[in-house]
Amino acid sequence: MMRRGDGSLVFFTVLSQWSVGIVVCLAGIAVSGSPVPNTGSGPANPVLLALLLVVAATTASFLHLGNPLNAPRAMRNIVTSWLSREIFAIGLFTVCLLTTLVSGRMPGGSDTYPGYLLIACSLAGLFLVWAMARVYRIPTVPSWDSGFTLLGFLSTSLCLGLATLLLFDATGVFSLVGGMRTSLAALLVAVLLLETGAGFVNHYRLARMDTGMAGPRFSSGFFSTLLRVRSAMALVACLALLFVLRLEPFSAGAALPWLLLAAALVLAQAFAGRVLFFASYFRLGL
């Protein structure tokens, strides 16, 4: 089971990576030449949603600190500490999101978001995910010290970002052209399958580790059961997305229930995966 206090880190990592995923997908749309509409000041605005998610993630991270007022002191070690870089990265990412959001609210502002601002946000977000992964690459915690950590964080970002944009498309927040809609849905299926396969490979790696008498049991019990449940949710989400891909011509009304199911399962399996990540903790030596 997870250590006390890790629950806040589950929310911090998933919510912040969800935010990054939204912006990376928006930047990809902008790079492809399609406009990203500035859809007002409600939660249907994808940039505002990304900002709200990263603010919620930052708030959740404070719950992990013994004294949240000491958080700014961690910035002193930015040259040598990945934790300090993570704090810097989340601040930079938040400022980039706020700048992008404000750009559309200024007098004479465009009704679409500038592509260069979305690209800047996505680069800051990817740096945040990289720094976050490096924080957990601890040599004395072999269950975390592998490429699966970064792979898991990136796949969570992509899955949640893609699912959000497909849902926004089906609800009319903005419209994706047919080819782009198909590409995003197919990419989400591919990433979910990759994530599921990587989960089983990593589980096999963990099951072969000698965790010591006090270490977690990976081959049976809670860990193994949750892994199977998570994989089942991901596969059902893939089936729902494949059904949407077969809708010709595309009908938002017919696709919406399936996309809602897929998005809910993508989010649930992301949280399950992060619980598995923190539940795999064990330390070698002192």
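Biologist: In which hand does α1 pass α5?

Modeller: In this predicted model, α1 passes α5 in a right-handed crossing. Two packed helices are described by the angle between their axes and the distance between the axes. Here the axes of α1 and α5 cross at roughly 60 degrees and come within 7 Å.

Biologist: Which residues of α1 and α5 make the contact?

Modeller: On the side of α1, the contact is made by V14, Q17, W18, V20, G21, I22, C25, L26 and I29. On the side of α5, F153, T156, S157, L160, G161, L162, T164 and L165 take part. Sorted by class, this contact has 11 nonpolar and six polar residues, and no charged residues.

Biologist: How should I read the spacing of such residues along a helix?

Modeller: An α-helix has 3.6 residues a turn, so residues three or four places apart point the same way. In α1, the residues V14, W18, G21, C25 and I29 are among those that meet α5.

Biologist: Is G21 buried or exposed?

Modeller: A residue is called buried when its relative accessible area is under 20%. G21, which lies in α1, has a relative accessible area of 1% and is therefore buried. Leaving aside residues up to four places away in sequence, G21 touches S157 and G161. The C-alpha atoms of G21 and L154 are 8.3 Å apart in space, although 133 residues separate the two in sequence.

Biologist: How far does α1 reach from its first C-alpha to its last?

Modeller: The helix α1 reaches 37 Å, close to the 38 Å expected at 1.5 Å a residue. Just after α1, G33 takes a positive phi of about 105 degrees.

Biologist: What are the crossing angle and the axis distance for α1 and α8?

Modeller: Helix α1 covers residues 6-31 and helix α8 covers residues 252-279; their axes come within 10 Å and cross at roughly 135 degrees. That angle makes α1 oblique to α8. The crossing of α1 past α8 is right-handed. In the contact, D6, L9, V10, F11, T13, V14, Q17 and W18 of α1 meet L267, A270, F271, R274, V275 and F278 of α8. By class, these are 10 nonpolar, two polar and two charged residues.

Biologist: How are α5 and α8 directed relative to each other?

Modeller: Angles over 145 degrees count as roughly antiparallel. The axes of α5 and α8 cross at roughly 160 degrees and come within 9 Å, and the two helices are therefore roughly antiparallel to each other. Their crossing is left-handed. Among the residues of α5 in this contact are G152, F153, T156 and L160, while those of α8 include L256, L260, A263 and L267. The contact of α5 with α8 has 16 nonpolar, three polar and one charged residues.

Biologist: Which helices do the buried residues of α4 pack against?

Modeller: They pack against α1, α2, α3, α5 and α8. Among the buried residues of α4 are L117, L118, C121, A124, L128 and Y136. The length of α4 can be checked as well: its 22 residues should span 32 Å at 1.5 Å a residue, and its end C-alpha atoms are 32 Å apart, which agrees.

Biologist: Where is L284 placed, and which residues does L284 touch?

Modeller: L284 is in the segment after α8. Its relative accessible area is 41%, which means that L284 is partly exposed. L284 touches T140, P142 and D210, when residues up to four places away in sequence are not counted. The C-alpha atoms of L284 and P139 are separated by 8.6 Å, and the two residues are 145 apart along the chain.

Biologist: How many helices and strands does the protein have?

Modeller: The protein has eight helices and zero strands. Of its 286 residues, 48% are buried. Among contacts between residues at least 6 apart in sequence, 76% join residues at least 24 apart.

Terms used: Residues are numbered from 1 along each chain as its sequence is written. This is a predicted model: local features need pLDDT of at least 70, side-chain atom pairs count only at pLDDT 80 or more; totals for chains, interfaces and linings use all residues. Side-chain values use heavy atoms; hydrogens and water are left out. Axes are lines fitted to C-alpha atoms, for helices over the stretch in contact, and angles run from 0 to 180 degrees between N-to-C directions. Helices (H or I, at least four residues) and strands (E, at least two) are DSSP runs, numbered from the N terminus. Angles under 35 degrees count as roughly parallel, over 145 as roughly antiparallel, 65 to 115 as roughly perpendicular and the rest as oblique. A crossing is left-handed if the near helix is turned anticlockwise from the far one by less than a right angle, and right-handed if clockwise. Contact means heavy atoms within 4.5 Å. Ala, Val, Leu, Ile, Met, Phe, Trp, Tyr, Cys and Pro count as nonpolar, Asp, Glu, Lys and Arg as charged, and the others, Gly among them, as polar. The expected span of a helix is 1.5 Å times one less than its number of residues. Buried means under 20% relative accessible area, exposed over 50%, partly exposed in between (1.4 Å probe, protein chains only).
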